[in-house]
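Student: I would like to learn how to read side-chain and backbone features from a model. Could we work through one case together?

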Amino acid sequence: MAGGEGAGSGVPECREHLFKVLVIGELGVGKTSIIKRYVHQLFSQHYRATIGVDFALKVINWDSKTLVRLQLWDIAGQERFGNMTRVYYKEAVGAFVVFDVTRGSTFEAVSKWKHDLDSKVLLPNGSPIPAVLLANKCDQKKDGSQNPSQMDQFCREGGFVGWFETSAKDNINIDEAARFLVENILANYKTFPNDENDVGKPKLDLDPLKAESKSQCC
Ligand SMILES: Nc1nc2c(ncn2[C@@H]2O[C@H](COP(=O)(O)OP(=O)(O)OP(=O)(O)O)[C@@H](O)[C@H]2O)c(=O)[nH]1
């Protein structure tokens, strides 16, 4: 915990968390675009494949007493075939698994990504880390016929805490999905408080943090 109420200081207690969140899914599904939209409110049609991993930081004033730093790890789609995901996933506390609604093959790969995730990173009690499924590019015509109740069932069976239709292009549901994931992470945090995710002890040491969105807390 960072900050605290000094005796008689009248300064409210301020809690800060640093949460590592993974963004995974097949090539070109829009992981980088979602992060850019969320952190910088930007979108580009231009596609440049991520090599390895990229990082961004989003700072959220969660409530008047809580500041959350989300460290977003943008894992290249091609990494599912590499042997580095175990390293990238280490100490993550939440994940977005993204597919592209215009390409059914990317939905079929979702279970492979989820399995890779669950086999390589777990919560202290041995449960999977909370993962939210993002059906991205919902501004375009869908390839596939999953209706919302089938998606709900897919999430229940696949161990996702929820799903959202998103568009990085039109800024649909990205803030909502992030908020939902953070709620789930915080719920786990209350069950398994972990000093290492408090900002007073930065553990997730990254260089460089290429993208940053800052705001003030408390
Ligand atoms: N129409 C539409 N296009 C999108 C959306 N999100 C991303 N794109 C486009 O899809 C392409 C791939 O987006 P990226 O964000 O680079 O995909 P990625 O998943 O990071 O790809 P890798 O780095 O290869 O893993 C780009 O041309 C984006 O402009 C969206 O919501 N709607």
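Student: Where does the charged end of Lys-20 sit?

Tutor: A charge counts as over a ring if NZ of Lys or CZ of Arg is within 6 Å of the ring centre and within 35 degrees of the ring normal. Here the charged end of Lys-20 is over the ring of Trp-73, 3.6 Å from its centre. Arg-179 likewise lies over the face of Trp-62, at 4.1 Å from the ring centre.

Student: What should I know about the model and the numbering?

Tutor: The model is predicted: local features need pLDDT of at least 70, side-chain atom pairs count only at pLDDT 80 or more, and totals for chains, interfaces and linings use all residues. Residues are numbered from 1 along each chain as its sequence is written, and side-chain values use heavy atoms, with hydrogens and water left out.

Student: How many helices and strands does the protein chain have?

Tutor: Helices (H or I, at least four residues) and strands (E, at least two) are DSSP runs, numbered from the N terminus. The protein chain has six helices and seven strands, in the order β-α-β-β-α-β-α-α-β-α-β-α-β from the N terminus.

Student: How is an aromatic pair described?

Tutor: By the distance of the ring centres and the angle of the planes. Rings of Phe, Tyr and Trp (its six-membered ring) pair if their centres lie within 6.5 Å; planes under 30 degrees apart are stacked, over 60 edge-to-face, and the rest tilted. The whole structure holds five aromatic pairs. In one of them, Phe-55 and Trp-73 have ring centres 4.6 Å apart and planes at 85°, so this pair is edge-to-face. The pair links distant parts of the chain, with Phe-55 in strand 2 (residues 53-63) and Trp-73 in strand 3 (residues 66-75), 18 residues apart. Elsewhere, Phe-99, Phe-107, Phe-154 and Phe-160 make up one aromatic cluster.

Student: Are Phe-55 and Trp-73 buried or exposed?

Tutor: Buried means under 20% relative accessible area, exposed over 50%, and partly exposed in between (1.4 Å probe, protein chains only). Both Phe-55 and Trp-73 are buried. Of the 218 residues of the protein chain, 45% count as buried.

Student: Which residues of helix 1 are buried?

Tutor: In an α-helix there are 3.6 residues a turn, so residues three or four places apart point the same way. In helix 1 (residues 31-40), the buried residues are Lys-31, Ile-34, Ile-35, Arg-37, Tyr-38 and Val-39.

Student: What is the phi of Gln-41?

Tutor: Gln-41 has a positive phi of about 55° although it is not a glycine. Gln-41 lies in the loop between helix 1 and strand 2 and is exposed, with a relative accessible area of 52%. Lys-137, also a residue other than glycine, has a positive phi near 70°. Lys-137 is in the loop between strand 5 (131-136) and helix 5 (148-158), and at 24% relative accessibility Lys-137 is partly exposed.

Student: Which residues come nearest to the ligand?

Tutor: A residue is near a molecule if one of its heavy atoms lies within 4 Å of it. Of the 24 residues around the ligand, Lys-31, Ser-33, Ser-44, Gln-45 and Tyr-47 come nearest. A polar side-chain atom of Lys-31 lies 2.7 Å from an oxygen atom of the ligand, and one of Lys-137 lies 2.9 Å from a ligand oxygen atom.

Note on methods: A polar contact is a pair of N or O atoms within 3.5 Å; within protein, one must be able to donate a hydrogen and the other to accept it, and residues adjacent in sequence count only if both atoms are side-chain atoms.
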